[in-house]
Amino acid sequence: MAQAGRLDLTEEKKNSSKSIVFIVLGAVLGTLAAVFGALYVLGILPPQQKQASGESGSEDAQALPMLYYAMEPAFVVNFTSNPNARLLQIGFSVASKNPEVIEAVKKHSPMVRNNVLLVLSGQDPAALRTVEGKEALRAELLTEINKVVSRQTGRNEGAEDLFFTGFIMQ
């Protein structure tokens with residue numbers, strides 16, 4: 001009887017030590033999984049497949065560098081109806097990641113310049129004194145340039161942005 005009681009005690013100790021080992025092992029694995037999951041979500045551990053495998057077309061377009069084309073010389077427009085502002089001089093660059101768009105803007109520069117001058121001559125000088133007015137003009141010029149590019153190339157893709165490099169109104 002006494003030996004049977006001893007055997008029972010050692011078996012219980014073995015079982016309890018095994019369960020402690022499993023609990024500690026489970027806690028360590030759970031902690032590691034949480035840490036790796038957090039690093040993945042935060043982008044610290046990016047998956048190797050995205051870098052090694054091929055990327056889609058839109059991701060390729062984002063990877064291309066932005067190309068700029070400065071429309072020179074600067075555009076000068078007279079305002080005859082407004083006594084407060086008589087002259088507007090604007091310089092800007094067209095931006096696109098597609099070299100074909102930049103080439104189209106260069107190739108059709110006379111048409112682009114004509115249409116830009118028409119847009120500029122129709123502007124209200126009071127509106128151009130505000131940031132919102134300048135942003136509206138920038139958007140209108142970009143739309144006009146993209147119309148020319150689309151009309152001449154037959155493609156729907158145009159310049160992505162337009163940046164003023166000079167803006168003088170007197």
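Entry 1. I listed the buried residues of helix α5 in this predicted model. They are S109, V112, R113, N115, V116, V119 and L120. I then looked up what lies over them: the cover includes β1, β2 (87–96), α4 (99–107) and α7 (131–153).

Entry 2. I checked the length of α5, which runs over residues 109–121. Its 13 residues should span 18 Å at 1.5 Å a residue, and the end C-alpha atoms are 18 Å apart, so the two values agree.

Entry 3. How do α4 and α5 pack? I found an angle of about 75° between them, with the axes 5 Å apart. Angles from 65 to 115 degrees count as roughly perpendicular, so α4 is roughly perpendicular to α5. On the α4 side the contact is made by V105, K106 and K107, and on the α5 side by S109, P110 and V112. I sorted the residues of this contact into 3 nonpolar, 1 polar and 2 charged.

Entry 4. I moved on to α7, which has 23 residues. From first to last C-alpha it reaches 33 Å, close to the 33 Å expected at 1.5 Å a residue. Its buried residues are G133, L137, R138, L141, L142, E144, I145, N146, V148 and V149. I noted β2, α4, α5, α6 (125–128) and β3 among the elements that cover them.

Entry 5. Which members of the largest nonpolar core touch the most other members? Out of 28 residues, I get M71, F92, V116, L120, L141 and I145. Two or more residues each come from β1, β2, α4, α5, α7 and β3 (161–169). The largest share, 6 residues, is from α7. In soluble globular proteins, nonpolar side chains tend to be buried together.

Entry 6. I looked at the backbone last. Most residues other than glycine have a negative phi, and most peptide bonds are trans. The bond from E72 to P73 is cis, with omega near 5°. I located P73 in strand β1, residues 67–78. After α7 comes G154, where I read a positive phi, near 80°.

Definitions and conventions
Residues numbered from 1 in each chain as written. Predicted model: local features only at pLDDT ≥ 70, side-chain atom pairs only at ≥ 80, totals over all residues. Heavy atoms only, no water. Helix = DSSP H or I, 4+ residues; strand = E, 2+ residues; numbered from the N terminus. Expected span 1.5 Å × (residues − 1). Buried < 20%, exposed > 50% of the residue type's maximum accessible area, 1.4 Å probe, protein only. Contact = heavy atoms within 4.5 Å. Core = buried A, V, L, I, M, F, W, Y, C linked by side-chain atoms within 4.5 Å. Axes fitted to C-alpha atoms, helices over the stretch in contact; angles between N-to-C directions. Parallel < 35°, antiparallel > 145°, perpendicular 65-115°, else oblique. Nonpolar A, V, L, I, M, F, W, Y, C, P; charged D, E, K, R; others polar.
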